[in-house]
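Visitor: I am new to this structure. Please show me how to read a few of its features.

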Amino acid sequence: METVTQILKELSTLASTRLLAAVVAAILVVSFGKFLLRLLNRTMERCKMDATLAKFLTAAARVVIYFIAVVIIADALGFEMSSLVALASVVSASFALAASGVLSNLFGGILLLMAKPFGVGDYIAISGVEGIVMEVSILNTKINTADNKRITMPNSNIAAATVVNYTSEGKRRVDLVFSVGYENDMERVKTAIRATVENHDKVVDKDQIFVRVSAYNDSTISYTMRAWAKTEDYWEVYFDLMEQVKKTFDQVGITMVFPVLTVQMDTPKEN
């Protein structure tokens, strides 16, 4: 009987010791983890990291710290660590296999947030989709098209595609082509186009205006015009010049050729 009592006392002492060690380990790990999280947040603030990416990294670091805390506490309580690690490996592999698409979007989102090929408010074109970026999250990107449709694209597709950002630069070039008949004087046509472009108040870098003959067609001569405008003024300048050049042609007597179809009808002769 005394032997059993002695064994129970030893087991109780051992359990108390392990429990105390586990509590101390938990306090140390949690305290050190909080210190690491504060250090990580300060570092990301100094680097001016994107808020979405910063939140994701903080959450990921918190999960890693909690996992380490569980492992240390389990070891202090006397659990077999090899079995716990093996179980964690199996669970991790199963999760990775089941969520492969999500993980690819996740890594694509991290790549986008780090490389920053575009930001919220930019007008972009990706794989045939054009519009204004409304939101960039860790898994997908939301774009509003010109006709106000909301398109959600997986980040894995965006990371693997060619992205055209129309907003990243301060100005864009307006390219227009005008077809004019051969009977019009070439220099007169170029002067009329150039004067119209120069008179537009939202055309910038007017010393770089380009007006030249670009093609000789069957019944017309093509004149290419290139001018620069601020990015936010691009479409206004584009449509203004389309209309104003035609008005200038009408005022100075320059004719723009349009397709003409001539139909000849023969009446049968009476016998």
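Guide: Start with Asp233, which counts as buried at 14% relative accessibility. Buried means under 20% relative accessible area, exposed over 50%, and partly exposed in between (1.4 Å probe, protein chains only). This is a predicted model: local features need pLDDT of at least 70, side-chain atom pairs count only at pLDDT 80 or more, and totals for chains, interfaces and linings use all residues. Residues are numbered from 1 along each chain as its sequence is written, and side-chain values use heavy atoms, with hydrogens and water left out.

Visitor: Which residue forms a salt bridge with Asp233?

Guide: A salt bridge is a side-chain nitrogen of Lys or Arg within 4 Å of a carboxyl oxygen of Asp or Glu. Here the partner is Lys202, with the closest N and O atoms 4.0 Å apart. Lys202 lies in the loop between helix 6 and strand 7, and Asp233 in the loop between strand 9 and helix 7 (234-252), so the pair ties together parts 31 residues apart in sequence. Helices (H or I, at least four residues) and strands (E, at least two) are DSSP runs, numbered from the N terminus. Salt bridges that share partners join Lys202, Asp233 and Glu236 into one network.

Visitor: How many salt bridges does the structure hold?

Guide: Eight. One of them joins Lys190 and Glu187 (3.3 Å, N to O). Both residues lie in helix 6 (residues 186-198), three residues apart, about one turn of the helix. Lys190 is buried, with a relative accessible area of 16%, whereas Glu187 is partly exposed at 48%.
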